[in-house]
Amino acid sequence: MISKSDFLVEPHISNRLNCTNCWAKNLCGGGCHHENLDLTGKVTTPPIHYCILTQKQLEATLYLYLRLTEEQREILLEKKNMKELVKNGNQN
Ligand code: SF4
């Protein structure tokens with residue numbers, strides 16, 4: 001029988017073969033344990049469609065972030081009033 005601590009250690013990102021060489025591993029974390037188990041039969045194996053979607057979402061997010069001005073990044077990261085950013089629009 002698997003113990004609670006085994007369950008928490010085994011699925012760590014460093015133990016997931018599919019994730020070891022993935023550029024997104026530090027942002028993704030290896031997917032949802034339950035979804036992995038439900039769709040692949042293993043907690044440590046993410047479904048390929050999840051990986052494709054996650055990598056595309058992260059790629060798009062990083063691309064958009066890099067297009068922000070310094071002011072927009074400060075507003076985003078400091079969680080200032082987002083309405084002000086939307087109201088003023090992208091000035092560049
Ligand atoms: S995208 Fe897939 S392979 Fe990459 S870290 Fe996430 S679950 Fe692992």
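1. Let me start with P11. Leaving aside neighbours within four places in sequence, P11 is in contact with G30, H33, V43 and T44 (contact: C-beta atoms, placed from the backbone, within 7 Å). The C-alpha atoms of P11 and K42 are separated by 9.3 Å, although the two residues are 31 residues apart along the chain.

2. A word on what you are looking at. This is a predicted model, in which local features need pLDDT of at least 70 and side-chain atom pairs count only at pLDDT 80 or more, while totals for chains, interfaces and linings use all residues. Numbering starts from 1 along each chain as its sequence is written.

3. Where does P11 sit? P11 lies in the loop between α1 (4–9) and α2.

4. On the fold as a whole, the protein chain has six helices and zero strands, so its elements run α-α-α-α-α-α from the N terminus on (helices are DSSP runs of H or I of at least four residues, strands runs of E of at least two, numbered from the N terminus). Buried residues make up 8% of the 92 residues. Of the contacts with a separation of 6 or more, 32% are between residues 24 or more positions apart.

5. Now the ligand. It is surrounded by 13 residues, the closest being C19, C22, C28, P46 and C51 (near here means a C-beta atom, placed from the backbone, within 6 Å). α2 (25–28) and α4 (48–67) each supply at least two residues of this shell, and the largest share, three residues, comes from α4.

6. Finally, please keep confidence in mind. The mean pLDDT of the protein chain is 84, and 85% of its residues reach 70 or more (pLDDT is the predictor's confidence in each residue, from 0 to 100). Confidence is highest in α4, at 96, and lowest in helix α6 (residues 82–88), at a mean of 67. Where pLDDT is low, the predicted coordinates should not be read in detail.

Conventions: Buried ≥ 20, exposed ≤ 12 C-beta atoms within 10 Å, placed from the backbone. Contact = placed C-beta atoms within 7 Å.
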